[in-house]
Amino acid sequence: MSLYNPLLLGIAKTHLLARKKQSAIAALGVTFGIGVFIILVSFMTGLNGLLDGLILNRTPHVRIYNEIKQSERQPIEDFAPYADKAHIIHSIKPKNSQLKLRNGLAIRAELRKDPRVKGITPQVSTRIFYQAGAVQLNGSLAGMDVLEEARLFNFQQYIVGGKPEDLASNENAIVLGAGVAKNLSLQIGDYVQIVSINGSRERLKIVGLFQSGLADIDKVFSYCNIGTAQRLSGEGGDYFTDLHLKLHDIEAAAGMAEELRSSWGVNAIDIKTANAQFETGTSIRNMITYAVSVALLIVAGFGIYNILNMLIYEKMPDIAILKATGFSALDVQRIFLYQAILIGVIGASMGLIFGFLASYGISQAPFETEALPTIKTFPVNFNPQFYVIGIVFALITTFFAGYMPSRKAGRIDPVDILRGQ
Amino acid sequence: MTHSILEARGIRKKFFDPVEVEILRGLDLSIQAGEFVSIMGKSGCGKSTLLYVLSTMDTQYEGDLLLAGQSLKGLKAAELARIRNQHIGFVFQFHYLLPEFSVLRNVMLPALKLGLKSKEEIEHDAMEKLRLLDVDEQALKRATQISGGQKQRVAIARALINNPDIIMGDEPTGNLDSKNAQRVFDIFREITQTQQQSLLIVTHDTDFAQKTDRIIEMADGMIIS
């Protein structure tokens with residue numbers, strides 16, 4: 001027995017068309033449920049993507065760095081006569097070591113061959129002063145491979161009034177923190193004096209402003225080419241303090257960091273550990289979205305259930321005569337199930353259109369924020385997957401809403417009704 | 001012995017609600033092809049109950065029921081529905097036309113369900129039946145837009161559409177005035193004579209019953225004559 005039966009479908013259609021208002025209201029319930037689902041999920045995931053992008057896309061999946069800390073193995077432990085004794089050492093000081101990442105070049109060469117790694121960029125961070133007349137402002141300067149940084153970590157999204165290429169092509173240029181520029185009354189095209197902690201000076205041209213949206217960061221940090229930073233630190237071309245890794249699969253980050261710690265003895269931190277709160281926020285927002293949508297669809301389902309129940313009650317004599325003239329219980333059940341599914345299909349299709357239009361409208365609405373200088377409108381995710389989920393969900397809901405009443409209709413005993421009249 | 005269309009052997013039926021009552025108490029019955037039979041009896045004697053047992057819609061009975069020699073005992077509901085569709089036509093006191101559909105569509109539905117003919121053939125047949133009953137001019141009207149007598153004739157056309165072996169009626173003239181009742185009787189008479197179809201009609205109308213081939217008188221769940 002096939003699922004599709006044109007005769008029964010025709011009867012179902014006639015029933016629905018005879019009650020246009022009721023059918024439309026039932027379908028509108030589904031439309032509303034699916035529409036709101038699409039809007040919510042598109043907007044929420046768009047926002048999630050934006051927030052994730054804010055941190056996750058701009059953050060290295062694994063960061064390898066050098067940390068100044070006390071030696072893990074104190075000299076007394078190597079002194080044989082006391083080897084089996086307990087050692088109590090007071091007032092341990094951190095070991096004075098250089099900031100340079102040990103084996104940096106070797107690690108970089110090794111990781112470039114690793115198939116899990118999408119890209120790797122070195123950084124030189126150094127503490128500096130911004131000099132303006134007699135005043136010196138504390139600051140921090142990061143030297144990096146600008147184009148790689150833009151490709152892997154969306155550096156360009158932070159830059160206002162300039163392009164990464166302007167910086168990359170000029171060894172005497174700087175992208176100045178927006179807060180620093182404001183405090184020193186500097187504009188793009190001006191020059192700024194940078195003094196390093198060991199006293200060397202550079203006069204750098206401002207080719208762009210750096211705006212992260214966090215005022216405290218923008219008041220301190222500036223960016224330049226790696227060579228500029230190495231020159232300021234008085235070091236050679238093999239000097240860098242950090243390595244930033246981007247992986248093909250972000251999930252592999254934790255394992256990779258662990259591997260690097262054990263095999264190279266370096267400090268390595270993965271993105272999940274560094275930004276655990278973002279993961280939580282994303283999953284909770286997704287949960288809320290789906291919970292609200294499911295609730296709306298269940299309400300729509302109850303609407304369909306109600307209307308079908310009423311219709312079946314009203315249609316008892318019709319059901320009786322259909323059964324008397326040779327329609328089976330299954331035929332009758334399908335007539336009413338088709339009605340539920342038709343309501344579902346029509347309602348859900350309208351819901352998808354409504355949802356698309358509304359989310360398109362949202363995506364055109366202006367949205368400007370300090371934190372995201374490159375974003376001008378609300379973020380909306382037009383993933384077709386949501387539309388598939390929406391329609392599947394609507395069909396499942398309407399099927400179950402229609403199943404119970406239609407089964408009841410199929411079970412009606414025609415004799416009871418035919419005799420009763 | 002002539003060809004027996006419908007045969008009932010030792011039909012018994014009990015109702016349990018509110019108290020146990022045996023409403024049919026061992027009935028034997030046989031209807032021949034082309035025979036016009038009426039069932040009479042006082043209210044509550046079980047004549048309608050018998051009709052619904054014979055119609056295959058009520059399956060809660062003891063005894064055996066044969067349609068054209070085939071036993072209907074123990075068949076599944078879907079199989080019985082198929083048999084009703086093809087071999088039995090129904091006319092009730094109330095017309096039971098589907099209000100959303102046109103007169104023509106109402107007549108066509110059982111044949112569309114049977115699915116042996118194309119839609120065009122069925123439509124042609126349905127128009128024939130409507131013409132036979134003199135309601136062909138109403139074919140495209142909605143079922144709610146015609147008069148009571150016309151509705152009953154449309155219901156008869158619907159009962160005839162699959163050329164059933166037997167047509168069963170539960171007081172088909174009960175709601176009609178004498179003129180329309182006479183008309184329905186004439187149609188029934190014509191069917192038995194021209195198509196060799198049998199008729200089994202439950203009625204209170206003595207005039208109507210008297211004109212049939214045979215009257216089955218019932219009392220207290222038994223046939224008395």
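Reader: So two residues are in contact if their C-beta atoms, placed from the backbone, lie within 7 Å; with that in mind, what share of the contacts in chain B between residues at least 6 apart in sequence join residues at least 24 apart?

Author: In chain B that share is 72%. Please keep in mind that this is a predicted model, where local features need pLDDT of at least 70 and side-chain atom pairs count only at pLDDT 80 or more, while totals for chains, interfaces and linings use all residues. Residues are numbered from 1 along each chain as its sequence is written, and chains are lettered from A and ligands numbered from 1 in the order in which they are written.

Reader: And what is the figure for chain A, with a separation of 6 or more?

Author: For chain A, 78% of those contacts are between residues 24 or more positions apart.

Reader: OK, new topic: how many helices and strands are there in chain B?

Author: Chain B has seven helices and 10 strands, which are DSSP runs numbered from the N terminus (helices are H or I with at least four residues, strands are E with at least two). With a radius of gyration of 17 Å, close to the 17 Å from the globule rule for 225 residues, chain B is as compact as a globular protein of that length. That radius is taken over C-alpha atoms, and the rule is 2.2 Å times the number of residues to the power 0.38. The box filled by the C-alpha atoms of chain B, along the principal axes, is roughly 50 × 40 × 40 Å.

Reader: Is chain A compact or spread out?

Author: Chain A, which has 15 helices and 10 strands, is more spread out than a compact globule, because its radius of gyration is 33 Å, well over the 22 Å that the rule gives for 421 residues. Along the principal axes, its C-alpha atoms fill a box of roughly 105 × 65 × 40 Å.

Reader: Which domains is chain A divided into?

Author: There is domain 1 (6-56 + 278-420) and there is domain 2 (62-72 + 95-274), with bounds from an automatic or database domain assignment. The centres of these two domains of chain A, taken over C-alpha atoms, are separated by 52 Å.
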